[in-house]
Amino acid sequence: MRHFPPRRIVCLTEETVETLYLLGEQDRIVGVSGYAVRPPQVRREKPRVSAFVSADIPKILALQPDLVLAFSDLQAGIVADLVRAGVDVHVFNQRDVAGILTMIRTLGALVGAAERAEDLVQDLERRLAAIAAAPRPSPRPKVYFEEWDEPLISGIGWVSELIEIAGGEDAFPELRHRQAAKDRIVSADAVREAAPDVILASWCGKKVVPARIKQRDGWSEVPAVRDNRIVEIKSPIILQPGPAALTDGLDAIVAALWGERP
């Protein structure tokens, strides 16, 4: 990097944007993903430079960033272009709750705010522990989280963990460690046989249509369908592996399972 801490940062995904704002380091951000919506003012304060798997490379280079923050192999093409252009890039790859907390610590260190990052992590850890320790009725409700509808894709690692922290039982816990969405495809029959008590859906930015879920062949007797317990959780608060998932996302799961807010 030209400077430490970096003075000009471009964030290609939302979770690093939210984290920098929470750390009070938002003035370093000079460009963000088009999906960045947290906190709300980011939409008017920061220029959009990318989608998720594509980016305006000339626009990013014109911002003269000291550091670009990216996420996972899905952005490898963008990263390669930036590296070839001589830009410093840090690629995160968090896929579970522990990884999210490590991302916050690492980002804090990268911007010279390690102490504030540790304080934020400890606050989040206390919150997670308190929700996990809350007394709940037995048995734990079985939860099917649907990340996509065509094909059916079950929830990624951190979502599965948050369901358990909220007091639920993931219908497909064996899939939580599979990073790629294609490796978490489940059949309609498998969901029917799992008989979830609750269906949580977040169709990756597309509006969830509960009526379409109810109309699937053989699902009328699935407890969640029969009892009308199909709940949409908005993508920005659950499918971004950052603070949003550990706060508003977890709260939404608790509300869906127990009808309460932490």
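**Notes on cysteines, aromatic rings and a helix pair**

1. Start with Cys-11: this residue is buried, and its relative accessible area is 0%. Keep in mind as you read that this is a predicted model.

2. How many disulfides does a search of the whole structure find? The count comes out at 0. Cys-11 is in no disulfide, and the nearest cysteine sulfur, that of Cys-204, is 19 Å away. Looked at from the other end, the closest cysteine sulfur to that of Cys-204 is in Cys-11, and 19 Å is too far for a bond. To count as a disulfide, the two sulfur atoms would have to be within 2.5 Å.

3. Is Cys-204 buried or exposed? Cys-204 is exposed, with a relative accessible area of 52%. Cys-11, by contrast, is buried.

4. On to the aromatic rings, where the structure holds 2 aromatic pairs. One of them joins Tyr-144 and Phe-172 edge-to-face, with 6.0 Å from centre to centre and 80° between the planes. Tyr-144 belongs to strand β6 (residues 142-149), while Phe-172 is in the loop between β8 (169-170) and α8 (188-194), so this pair ties together parts 28 residues apart in sequence. Tyr-144 and Phe-172 are both buried.

5. Tyr-144 also pairs with Trp-219, again edge-to-face, at 6.3 Å centre to centre and with 80° between the planes. Here the link runs from strand β6 to the loop between α9 (210-214) and α10 (223-226), where Trp-219 lies, so the parts tied together are 75 residues apart in sequence. Trp-219 is buried, as is Tyr-144.

6. Another charge over a ring is found at Trp-148, where the charged end of Lys-206 sits 4.2 Å from the centre.

7. The axes of α6 (residues 114-133) and α12 (residues 243-258) come within 11 Å and cross at roughly 10°. That crossing makes α6 roughly parallel to α12. Which residues make the contact? From α6 they are Leu-124, Arg-127, Leu-128 and Ile-131, and from α12 they are Leu-246, Thr-247, Leu-250, Asp-251 and Val-254.

Key. Residues numbered from 1 in each chain as written. Predicted model: local features only at pLDDT ≥ 70, side-chain atom pairs only at ≥ 80, totals over all residues. Heavy atoms only, no water. Buried < 20%, exposed > 50% of the residue type's maximum accessible area, 1.4 Å probe, protein only. Phe/Tyr/Trp six-rings, centres within 6.5 Å; stacked < 30°, edge-to-face > 60°. Helix = DSSP H or I, 4+ residues; strand = E, 2+ residues; numbered from the N terminus. Lys NZ or Arg CZ within 6 Å of the ring centre and 35° of its normal. Axes fitted to C-alpha atoms, helices over the stretch in contact; angles between N-to-C directions. Parallel < 35°, antiparallel > 145°, perpendicular 65-115°, else oblique. Contact = heavy atoms within 4.5 Å.
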